[in-house]
Amino acid sequence: MKPETTQLSAGMAQSAYPPDIDGPDAAVPIPADASHRSYVTMLFNRHRVSLQRYLMRLVSPDDAAELVQESYYRLLRHGEMLKIDAMARSFLFQTATNLARDLYRRRASHRAALHVPIEDEEIIEDHLGPDEHLAGEQTRRLLERAIADLPEDTRTVFLLHRFRDLTYPQIAQIMRLSGRTVARKMAEAIERLSAAMSEAT
Amino acid sequence: MSTPHVKSTAAEWFARARSGDTDPAREQSWLEWIDDEGHQQAYEKCELAWELSGELRRSPAIVALLAAAPTARAKWRVPAWPVGLAASLLAVGVFGWRILGPPTSTQYSTGIGEQRTVALADGSTVFLNTDSDVRVQLSRRVRRVELARGEALFSVSHDPGRPFEVHALQGVTTAIGTQFDVELTRGGAAISVLEGTVTVGGSGNAAALPPVAVSAGNGVGYSQEGAVSQLRPAEVNRIQGWRTQRMIFNDIPLDAALAEYNRYSRRPIVLSNPALGSRHINGVFHIGDEAAFLSALDQGLHLKADKGDVQTVLEPTPGYEQ
């Protein structure tokens with residue numbers, strides 16, 4: 001297990017892709033001569049439909065189409081290539097969510113100031129106002145309650161990973177659990193939260 | 001509607017993606033599993049729950065739950081906080097969390113052609129130029145910004161007890177209260193100071209070099225490795241230009257002007273012949289106003305634009321090849 005997995009988007013990649021992958025059971029089958037672009041494109045195409053559908057839950061269909069495109073550019077440009085497909089997918093979805101959040105805040109701040117003087121500019125506060133969240137009030141309340149209702153250990157694992165950005169091994173050490181138990185509790189937390197949200201819609 | 005089994009399998013895969021597990025055998029079964037419409041939908045719901053729960057970071061209920069969660073710091077913090085103090089910290093809730101909790105970093109970014117102003121909680125302001133990315137971490141002892149891509153102008157609120165550090169590549173620019181610009185360039189980073197004084201030095205492996213003080217009106221550069229250059233004039237015009245969405249070209253070679261223009265455009269402008277790059281250009285252009293820029297090139301430099309899907313090629317008008 002690597003300790004840096006929760007920071008999929010952090011930092012700039014120093015090494016060019018593709019990394020050294022050899023053997024028939026390498027993580028993702030990449031032809032040896034494949035360029036960075038074609039690798040990213042392959043990866044992106046595998047998750048494109050899913051990403052578009054996901055974004056349509058957050059923003060309008062037109063905006064979703066645009067953010068899908070922008071996410072692809074970000075993935076290409078960022079260069080931080082992850083050879084584990086599911087991790088790359090996490091990065092892609094996180095990027096898309098950030099883009100949707102930016103869009104939402106921009107719209108909210110424009111709505112809030114319809115007749116701003118020319119010099120006034122978009123201001124994003126460190127604290128978000130009630131209208132500047134990607135998740136609506138109802139969704140936030142649902143999630144809040146679902147988190148509070150998690151069994152105690154499960155909740156602690158989730159909180160430490162989600163809000164303190166601790167890795168599974170770090171959490172395992174603090175809570176004196178095995179790494180596998182931490183992963184199992186994370187799965188349980190996610191399953192319950194996603195179920196809580198499904199009930200809402 | 002996914003079956004309960006699919007839902008819990010999706011959650012297991014999701015948890016595994018965050019674990020750092022790089023077992024190739026499991027990677028193959030992931031690729032097979034995700035290649036299914038119903039599985040994808042169940043997995044998307046996990047992603048949605050995860051991403052949207054991130055919006056709760058500052059919610060009082062979550063802050064209170066977090067305050068009760070164990071921390072690793074307790075292990076090496078000597079002496080441990082008295083129980084009474086810990087309890088009173090719980091009582092102050094959000095405030096206590098913000099002051100004493102581990103700093104979390106917030107990411108702000110812009111796409112190509114986009115600019116953005118971010119007001120930070122300490123009263124400082126970050127102006128992000130095109131195609132840029134910063135991560136901000138405000139803690140009790142230091143205000144730390146990491147410039148991962150592009151360029152940003154920092155207007156730093158005065159706080160002698162909490163230096164404001166901008167980390168870019170192997171270098172760090174430190175201020176207490178001032179205004180300065182940091183740009184990641186092809187070979188390193190460029191700093192221009194508009195107000196006050198900053199220090200610029202190497203970080204990481206380059207930290208041994210003594211930092212250089214740079215005062216208003218001056219600038220420095222440093223290499224990828226963090227080696228700091230001689231002082232030079234600050235790029236005042238260019239920075240004030242981008243802050244007001246303008247590119248100011250004061251009799252500079254065309255190739256330099258195009259490099260600047262292309263930072264803001266998805267469809268770069270290139271020259272049919274590199275020799276054309278030595279022609280000089282003058283003028284003030286609005287960022288994003290391609291038509292005005294191309295028309296000025298046509299009239300002033302006799303260059304015609306051939307717009308393609310991916311790039312625009314400039315060619316000399318017949319009779320003006322030299």
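Val166 of chain B has its bridge partner in β8(B), and that partner is Thr173(B). The two strands involved are β7, residues 164-168 of chain B, and β8, residues 171-175 of chain B; they run antiparallel and are joined by five bridges. Bear in mind throughout that this is a predicted model.

Now the sheet around that pair. β7 and β8 belong to an open sheet of seven strands in chain B, ordered β1-β4-β5-β7-β8-β11-β12, with mixed pairing. At its edges are β1 and β12 of chain B, the latter covering 212-215, and each of these pairs on one side only. On average, neighbouring strands here are turned by 25 degrees against each other, direction ignored.

Chain B has another open sheet of seven strands, in the order β2-β3-β6-β9-β10-β13-β14, and its pairing is antiparallel. β2 and β14 (232-233) of chain B are the edge strands; each has a single partner strand, so one side of each has no neighbour in the sheet. Inside this sheet, β10 (residues 188-195) and β13 (residues 218-223) of chain B are antiparallel and share five bridges. One residue pair to look at there is Ala189(B), whose bridge partner in β13(B) is Tyr222(B).

What lies across this sheet? Helix α7 of chain B, residues 236-243, lies across β3 (125-128), β6 (151-155), β9 (179-184) and β10 of chain B. The angle between α7(B) and β10(B) is about 85 degrees.

Next, the contact between the chains. How many residues does each chain put in? Chain A contributes 62 residues and chain B 55 residues. On the chain B side, the elements supplying at least two residues each are α1 (4-17), α2 (24-34), α3 (37-53), α4 (60-68), β1 (106-109) and β2 (116-119). α3(B) gives the most, with eleven residues. By class, that side of chain B splits into 28 nonpolar, 13 polar and 14 charged residues.

In one pair, the axes of α4(A), residues 137-148, and α4(B) come within 10 Å and cross at roughly 20 degrees. That angle is under 35 degrees, and α4(A) and α4(B) are therefore roughly parallel to each other. Their crossing is left-handed. Glu144(A), Ile147(A) and Ala148(A) of α4(A) make the contact with Ala61(B), Ile62(B) and Leu65(B) of α4(B). Five of these contact residues are nonpolar, none is polar and one is charged.

In the other pair, the axes of α5(A) and α4(B) also come within 10 Å, but cross at roughly 110 degrees. The range for roughly perpendicular is 65 to 115 degrees, and α5(A) and α4(B) therefore fall in that class. Here the residues are Arg155(A), Leu159(A) and Phe163(A) from α5(A), and Ile62(B), Leu65(B) and Leu66(B) from α4(B). The class count is five nonpolar, no polar and one charged.

Last, confidence in chain A. The mean pLDDT of chain A is 72, and 66% of its residues score at least 70.

Note on methods. Residues are numbered from 1 along each chain as its sequence is written. Chains are lettered from A and ligands numbered from 1 in the order in which they are written. This is a predicted model: local features need pLDDT of at least 70, side-chain atom pairs count only at pLDDT 80 or more; totals for chains, interfaces and linings use all residues. Two residues are in contact if their C-beta atoms, placed from the backbone, lie within 7 Å. Helices (H or I, at least four residues) and strands (E, at least two) are DSSP runs, numbered from the N terminus. Ala, Val, Leu, Ile, Met, Phe, Trp, Tyr, Cys and Pro count as nonpolar, Asp, Glu, Lys and Arg as charged, and the others, Gly among them, as polar. Two strands pair if DSSP finds at least two bridges between them. Axes are lines fitted to C-alpha atoms, for helices over the stretch in contact, and angles run from 0 to 180 degrees between N-to-C directions. Angles under 35 degrees count as roughly parallel, over 145 as roughly antiparallel, 65 to 115 as roughly perpendicular and the rest as oblique. A crossing is left-handed if the near helix is turned anticlockwise from the far one by less than a right angle, and right-handed if clockwise. pLDDT is the predictor's confidence in each residue, from 0 to 100.
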